[in-house]
Every structure is written in structure tokens, then in C-alpha cells.
Amino acid sequence: MKSSMLSGKTALVTGSTSGIGLGIARSLAQEGANIVFNGFGDAQHIEQLHTDLAREFGVQTAYHNADMSKPADIEAMMQFASDKFGGVDVLVNNAGIQHVANIEDFPAEKWDAIIAINLTSAFHTSRLALPGMKQKNWGRIINLASVHGLVGSAQKSAYVAAKHGLVGFTKVTALETAGTGVTCNAICPGWVLTPLVQKQVDDRAAKDGISMEEAKKALLSEKQPSGEFVTPEELGALAVFLCSPAGNQVRGVAWNMDGGWAAQ
């Protein structure tokens with residue numbers, strides 16, 4: 001059932017060809033927003049993805065293949081959104097990568113890539129989106145941090161540093177826009193069964209010689225008291241709430257949806 005709360009508005013969601021980003025893009029499209037997709041993957045699959053979504057929800061969609069580690073690509077993507085839709089009303093900074101290793105074994109190039117994609121890209125998209133949002137006196141910036149923006153985990157130094165940085169950046173953006181109709185908040189998911197997390201499940205199943213279901217349970221039991229994965233649809237519903245009038249005074253929040261992880 002399509003709503004019209006975001007009708008006539010445009011949402012750009014980075015890293016939206018799968019997982020959390022795709023779930024959020026679908027939820028925003030359901031509310032009537034036009035969607036600019038971004039991410040990697042098979043070109044034919046991506047084309048099908050965004051044309052299907054346009055048809056399903058009666059919105060316009062487009063795709064830009066910007067590499068989120070490259071500022072020039074990000075500028076080109078933001079210009080593309082401006083040329084096609086007249087700007088970005090809802091910016092969802094979701095693109096992210098992961099690498100797991102002890103600090104002394106962490107490849108420097110992996111650190112640089114994680115900081116660039118998980119943190120610096122949000123600065124570049126935000127700085128380019130904010131002037132248009134301020135001019136319209138309406139905008140929503142939603143940064144997909146992580147429960148790792150609130151707590152740490154061993155072997156994830158770059159990811160935890162980037163996500164903590166993203167929570168801090170969210171607060172500053174919220175303060176700088178506090179007297180306007182633009183809001184900025186962070187969503188901090190726990191375990192979501194994305195391709196990133198599925199790889200960790202696969203690795204654990206192979207390493208411990210256990211089934212996929214057992215590996216999922218083992219992963220969840222370490223951190224997430226609910227014993228259930230957060231779903232992209234649940235995260236999409238939270239993003240919709242933050243875009244609604246009820247979210248007008250939700251500013252600078254790091255909202256964890258983590259099955260109780262950070263409550264421990």
C-alpha cells in the first residue's frame with residue numbers, strides 16, 4: 001500500500017543495491033519518494049531492481065555507480081541527482097565495507113578504505129546536499145552508523161572508529177541545522193543478515209564445522225540478546241519515521257535498533 005508522505009521528494013541512498021540500503025530505499029519509495037540508487041553489482045540486476053521498484057510504487061528511480069571512496073565520483077553523483085530530480089531531499093548515508101583483523105595485522109590500505117567509505121563519504125554527500133536542503137528549509141540526513149558507533153568489538157578497529165566518527169558527525173550536523181527544517185540523525189543497527197554479515201556466518205560455519213543455522217545462532221548469542229536479526233524492513237520503517245512530521249524534533253540522535261546489544 002503506497003502512501004504519499006514523501007511524494008515529490010527525492011531520496012538518495014548510498015549502498016542501496018542490496019541489504020539495509022535496499023530495504024530503506026523500498027520503504028521511502030513506498031511513501032512516494034523518488035529514489036537515486038547507488039552501489040556495486042551486476043549492471044543488469046541493478047537495472048531490473050530500480051525499474052521494478054519504480055513500477056511497484058509509481059515513483060521515478062535512477063542509478064549512479066559512484067565509488068564512495070572517491071570524492072570526485074560523489075560530486076558527480078550529487079550533480080546527477082540535482083540534474084535529474086532538482087536535488088536531494090532525503091540523504092541516506094549507508095555505504096559501508098568491513099575488514100576484521102587485530103590492529104597490528106590490519107592492512108593500512110584496508111583502514112584507509114573503511115574510513116573513506118564508511119565515514120568520509122558521508123561528509124562529502126552531506127556538504128553537497130545541505131545547501132539545497134537549507135534553501136528549501138526541509139531535509140533529512142540519515143546516517144547508517146551501527147551499534148559499533150556506540151560500543152566496540154575486537155578486531156574491528158577501522159569499522160568501530162568510522163562508525164563512532166559517523167555518530168559524532170551526525171551530532172555536529174544536527175547542531176548546525178538545528179534552527180532549520182533540516183534534521184540529521186544516525187541509525188545504529190545490531191546484526192542484520194546483510195551480505196557482509198552472511199560472510200561472517202559462512203566463515204564461522206566453515207571454521208567450526210557447524211550448520212548455517214547453528215552459526216547464525218552462535219553469532220547472535222554473543223551480542224544480541226533478542227536472538228533475532230534486525231531486518232532491513234524494520235530499519236526502513238525507522239527511516240520513514242525520521243522523515244515524518246513526528247521526527248521534526250528528533251535531532252542528533254544515535255538510535256540503536258540492536259535487539260538489546262547496547263543495553264548490556
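**Pockets, cavity and domain contact**

Student: How do the residues of the lining of the largest pocket divide into nonpolar, polar and charged?
Tutor: The model is predicted, and what follows is computed from it. The largest pocket holds about 770 Å³ of space, and 38 residues line it. Sorted by class, those residues are 18 nonpolar, 17 polar and 3 charged.

Student: Which residues of that lining are the closest to the centre of the largest pocket?
Tutor: The lining draws at least three residues from each of domain 1 (10–191 + 231–257) and domain 2 (193–229). Of the 38 lining residues, the closest to the centre are Asn94, Ala95, Gly96, Ile97 and Leu196.

Student: Which element gives the most to the lining of the largest pocket?
Tutor: Helix H1 (19–30), helix H4 (108–136), helix H5 (157–176) and helix H6 (195–208) are the elements that give two or more residues to this lining. The top contribution is 4 residues. The element that gives them is H6.

Student: What is the volume of the second largest pocket, and which residues lie nearest its centre?
Tutor: The volume of the second largest pocket is about 550 Å³. This pocket has a lining of 20 residues. Nearest its centre lie Val100, Gln155, Lys156, Gln200 and Leu219.

Student: How many residues does H6 give to the lining of the second largest pocket?
Tutor: H6 and helix H7 (212–223) each supply at least two residues of this lining. Both domain 1 and domain 2 provide at least three residues. H6 gives the most, and its count is 7 residues.

Student: How many residues in the lining of the second largest pocket are charged?
Tutor: The lining has 20 residues in total. Of these, 6 are nonpolar and 6 are polar. The charged residues number 8.

Student: What area is buried between domain 1 and domain 2, and how many salt bridges are found across their interface?
Tutor: Carbon and sulfur atoms give 64% of the buried area. A salt bridge here needs a side-chain nitrogen of Lys or Arg within 4 Å of a carboxyl oxygen of Asp or Glu. The two values are about 880 Å² buried and 0 salt bridges.

Student: What volume does the largest cavity have?
Tutor: Rolling a probe the size of a water molecule over the atoms shows where empty space is left. The search of the whole structure finds 1 cavity of 30 Å³ or more. The volume of the largest cavity is about 50 Å³.

Student: Which element gives the largest share of the lining of the largest cavity?
Tutor: The lining includes Thr14, Asn93, Asn94, Ala95, Ile117, Asn118, Leu144 and Lys163. By class, the lining residues are 5 nonpolar, 5 polar and 1 charged. H4 and H5 are the elements that give two or more residues. The largest share, 4 residues, comes from H4.

Conventions. Residues numbered from 1 in each chain as written. Predicted model: local features only at pLDDT ≥ 70, side-chain atom pairs only at ≥ 80, totals over all residues. Heavy atoms only, no water. 1 Å grid on protein atoms, 1.4 Å probe; cavity = no way out; pocket = protein on both sides within 12 Å on 5 of 7 lines; lining within 4 Å. Points joined across faces, edges and corners; volume = space filled by probe spheres on them. Nonpolar A, V, L, I, M, F, W, Y, C, P; charged D, E, K, R; others polar. Domains from an automatic or database assignment. Buried area = accessible area lost by both parts, 1.4 Å probe.
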